[in-house]
Amino acid sequence: MSAADRREAVGNATRGLSYEEPLVFERSRRGRTGYSLPALDVPAVDPAACLSAQAIRDGIPGLPELSEIDVVRHFTRLSTWNAAVDLGLYPLGSCTMKYNPKLNERAARLPGFANAHPMQPEALQQGFLELCFELERQLAVVTGMDEVTLQPAAGAQGELAGVMMIRAYHEQRGERRTRVLVPDSAHGTNPASAALNAYQIVAVPSGSDGLLHAEAVARVMSEDVAALMITNPSTLGLFEEEIVAICEIVHARGGLVYGDGANLNALLGIARPGDLGIDVMHLNLHKTFSTPHGGGGPGSGPVGVKSPLAPYLPTPVVRRREGGRFALDRDLPHSIGRLHGSFGNVGMFVRAFAYLRSLGPEGLRRCAEMAVLNANYLLARLRGTYHVPYDRLVMHEFVLSDRNLADTGVTTLDVAKRLIDYGYHPPTVYFPLIVHGALMIEPTESESLEGLDRFADALLAIAAEAREDPDLVRTAPHHTRRSRLDETRAARHPVLRWQPLK
Amino acid sequence: MRYIPHTEEDVARMLDAIGVDSVEALFEPVPAKLRLRQALELPPALSEQELLAELGALAARNAHTGTHEWFLGAGTYAHFTPSAVDALVSRSEFTTSYTPYQPEISQGTLQAVFEWQTMITGLTGLEVANASLYDGASAAAEGALMAMRTTRRSRVVLSAGLHPHYRAVVRTYLAGLGAEIALAPRGPDGRSAPLAPLVDAATACVVLQQPAFLGCIEDVAAAAEATRRHDARLVVVVNEALSLALLRAPGDQGADIACGEAQSFGVPMGLGGPHLGFLATRQRFVRQLPGRLVGETVDTEGRRGFVLTLSTREQHIRRERATSNICTNQGLCLLMATVYLSLLGPVGLRRLAEQNLAKAEYAKARVRATPGLDLPLAAPTFNEFVVRVPDSGAGALARARERGIIGGLDLEPFAPELGPAVLVCTTELSRRDAIDRLVAALAGRPA
C-alpha cells in the first residue's frame, strides 16, 4: 500500500462533504440582521437627551451584520470542525469525557430552572433550594464528607475555596502556617490555587513505583505546613495505597489534607475520600457527574468538608427549616465569604442531580467498575507495544510513554496527531510531567468492548506505522482541515482579534 | 443501566484479557478495609419518565418569567433570546467537546472564541480580551488582581456602586494576599462621590461599576483622570452588558481593564448561573491576563487557523507562578453570546438598548406622576433605577406579587439609608400595561 493510500484509508475517519468557513465578520454585509424587535409601546426617547451626548457612543465596532440563515450556517459549519463525545471516543485523561445524557439537558431547560432569577423571593424558589439541599446531601454521601457547598464554578475555584477554608481554619486557631505540600504528579491548578492564598509550595516527589509514600511526606511535613493537596487516584491512574498513613502524618502535625476530586469516577460506591482521611475536597460535576464539558466549561466544582471546616463554608448555605421550608443562611460569621455572584453554575446542579437520580447507588458503582475495567482492558491490549512506566493494576486511567518508539523518531505528539486520522480525539499528552512523553488515557465507562478494541487496534497500527513509515506518523494528521498549527508563531506574534483590512 | 454498554459476556472477556477473575479483583489496590461493604445510602434509580416528572415538580415550585411579569434585575437580566441561539449551542459537537487542546479537531470552538474575543474588544473599546471567566463577580476580582500584578501595589478602592455580591467576592479573593480594600462613598445623586481623594501612590486600582448597582451612570472619564494621576489602574465593571451598546466604551474613556458579566447576551438567567464573565484590557497588559486566550496562526500549508496561545501565563505550565488558577471556564456561554451578538449585529443591539432605555424612561415618568412614589437618585440611568415607595420595599413587592408581578429588589438590606425603596429593571420584555400595573402596585393604588 502506498503512503498516499494510507493517508486515505484508516479507522473510522473517512472523508465527507466539509465546508470551509470564514470568520463571522468576513460574512458581514451592511444592512443585514438576524433579529426582530417588537414595536415600541412607549414613547421613543433621545438617548443623548436622557443621558448626555458625551455619555453616548457612536458605533459598535467588532459586530457583524448577518441574516439568521447566515448565522445558522456559520455556527453549524463551525460545529462540524469539532471532535466531541457524541461523535466518538474522547479519551482525554483526567477529564472524564463520559456520555452526557440528553435527559439532563432537557431538565436544565425547564423554565422553572432556566428562566428563574437568583434574587427572587425564597418562597418562590423552593424547588431550586430543595434541589440544592438534596444534591449537597447526596454528594456528601458519595464522598463521605459532612457538608457540601455547590458554589464554586469549576474545579479550580473549588480548590481555591478549599484552600481558603484551610487557611481560615488555621487562622481561627491562631496559627500562621506558610506552606502547602503538593506531589509532583499534581494538576497545575493545585499549586496555583495554593499560591492565590500566598502559600509557599513544597513539591513532594513520587516514589519509583509512581505512588506517594508516607515517608516522603513525613520528610517534608512540619508545623509550618497548612495542608497536603493530594489527587487520589493520582494522575497516573494509581490508587494511593498509603493514603491512610499519609493523612495520619499530616494530621499528627496539625495539617489538613485536601483531596483533588478530579478522578473520583474510579471510586464511586467503592471507597469514600472522607473515610480515607481527606478533610476537604472538590468534585467536578462536569467530569464525574456527566455535565457537558461545553468546549471548555461551564463546569462546576462543589466542595465537601468534614465538620471542623463547616463554619468556613462560602456564604450563603442552604438549610432546611421547620416545616420543610428551605432557606438561605447568610449568618455565617466564620465563612470565607462569597466566591460567586449568585449560587454557582446552577444549570450544572440540575444536570448532576438528574444523573445521580438516574443511576442510584448501584448505577454509580457500576460506573466506577466499568470505568476501571475499561482502563485495565485497554492497558492489557497496549502493554508490550507501548512502554508502561508504572505497570500495575490501574483505576480509571493509565499512562503510557513513547519510549518504545524512540528509535523510530516518532514521539507522543505524533502518535496523538495520527490518532486523529483514525477518528479519535487524542489522550492527554505530556502530562503528568513526571513521565517523559506521557500519553494519559481515560476511556470512561461509556465505551463498549468493540469500541475499545477499535481504539486499541488504532494505537497498535500507529506503532507499526512508526516502524514502517515514520514520516506518515510525523506529518499527521492528514484527514483534518488543518494540520500542525504553528503555536510558536501564535505566541510570538499574538493576533487575538479580527481587525478589518485598512 | 442505559448509559453503560457492557454485557455480562463482554465483562467476562475483558476480565480474561486482563488476567483477573472478577471485577472486585480490579480494586485490589484499594486496601480492603477502605472498601465499602454496602451500597451508598442514596435513593434508588428512577426511569427517565419518573425522573422528568420529579424534576418538573421541583421546577414548578420556582417562579419564572413565564409565571410573573418581571422587573427584577440587580445583576441578572431578563432579556429575550432568539430561537437560533439555543438551537446552535445545543449541537453536541459544541456541548460534548472540551478545552481545545488539539487544534486540528477543535477549530469550531477555537474560531468561536476568537470571534467572541473580537466582539468583546469592540464593545469595551479595548485591545485584547480573554476567552471568559466564571461570572461577573470573579471577573471583577480577577480585574483587581491583574491591577495588583501590573502595579505591584496592594491597595484596592471599590466604588459604592459595585454590586454588593461582587464586592464580597473581591474581598474573598483578596483576603489571603494582604491587600488593603477601601470603599468609596456614594454621592447624593447616586453616582460615586469624587474618587480623586481616595487614590494615592499605593493604590493599585479603582474598581468602578458602570452602570452602578443602583442603576446610575457613572463618570468614567473623571475616574480615569483620578487613577491616571497616580499611575493606578481603572477597572470598569459592567454587569448589564447591554449598556455597552449605548454608553461610551470604557476603553474610550480611559479604563485600563473592563470586565464583568455578559449574561444579557443570550445566556439564560438560570437562577444565577452558568453566566459569562469577561475581561478585556490594553495590549501592553496581555501577558498578565488570566484565563484562556485564542490566537490566529497558520498550519503547515499556510492556511489560517486558531490555537490556544500565551499558555506560559497559565497554571498547567507555570503552576504556582501562573497569572491565575483558571482551567475550565465558561465556553458554552461565550458561544451563546457570540451567536446572540451575530444575530443582533451593531444595529439590532443598539436599537435593543434604546428600547430598554425608553421603557425605563417611561416607567420613571409614571413613577414621578404617581403620588406616594418618587425617584430618590437624580443621576441618569439606563434600564434600572431606584423607586422610593410609601411603606416598605417588602410591602410594595408583596403587593406586586399579588398582581402577578416580580417587582424588583427590596433595597432595605443593601441601601437602608434610602428609606423604603426598590430597584426596578425594565427590558424589552416589559410591556407598557405591565409597567402601569407595577407602578400602581408599588404605590398601593388600585390596579
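Leaving aside neighbours within four places in sequence, which residues is A:Met97 in contact with? Keep that in mind while you find your way around; what you have open is a predicted model.

**Stop 1: A:Met97**

Select A:Met97, in the loop that runs between helix H3 (68-79) and helix H4 (102-108) of chain A. Now for the opening question: once those sequence neighbours are set aside, A:Met97 is in contact with A:Val85, A:Tyr90, A:Leu92, A:His293, A:Thr444 and, from chain B, B:Tyr98. Is A:Met97 buried or exposed? A:Met97 counts as buried because 25 other C-beta atoms lie within 10 Å. Next, pick A:Gly188 too: 91 residues separate the pair along the chain, and their C-alpha atoms are 19 Å apart.

**Stop 2**

**Stop 3: two crossing helices**

Stay in chain A and show helix H12 (residues 346-382) with helix H14 (residues 449-468); their axes come within 10 Å and cross at roughly 35 degrees. This crossing of H12(A) and H14(A) is right-handed. To see who does the touching, select A:Asn374, A:Tyr377, A:Leu378, A:Arg381 and A:Leu382 on H12(A), then A:Leu452, A:Ala456 and A:Leu459 on H14(A). By class, the contact has six nonpolar residues, one polar and one charged.

**Stop 4: where the chains meet**

Zoom out and show both chains. How many residues does each chain bring to the contact? Chain B brings 160 residues and chain A brings 167 residues. On the chain B side, helix H10 (residues 331-368) gives the most, with 24 residues. Colour that side of chain B by class and you get 85 nonpolar, 47 polar and 28 charged residues.

**Stop 5: a covered helix in chain B**

Finish on helix H7 (residues 164-174) of chain B, which is mostly covered, with eight of its eleven residues buried. Those buried ones are B:His165, B:Tyr166, B:Arg167, B:Ala168, B:Val169, B:Val170, B:Thr172 and B:Tyr173. What covers them?

Key
Residues numbered from 1 in each chain as written. Chains lettered and ligands numbered in written order. Predicted model: local features only at pLDDT ≥ 70, side-chain atom pairs only at ≥ 80, totals over all residues. Buried ≥ 20, exposed ≤ 12 C-beta atoms within 10 Å, placed from the backbone. Helix = DSSP H or I, 4+ residues; strand = E, 2+ residues; numbered from the N terminus. Contact = placed C-beta atoms within 7 Å. Nonpolar A, V, L, I, M, F, W, Y, C, P; charged D, E, K, R; others polar. Axes fitted to C-alpha atoms, helices over the stretch in contact; angles between N-to-C directions. Left-handed = near helix turned anticlockwise from the far one by under 90°.
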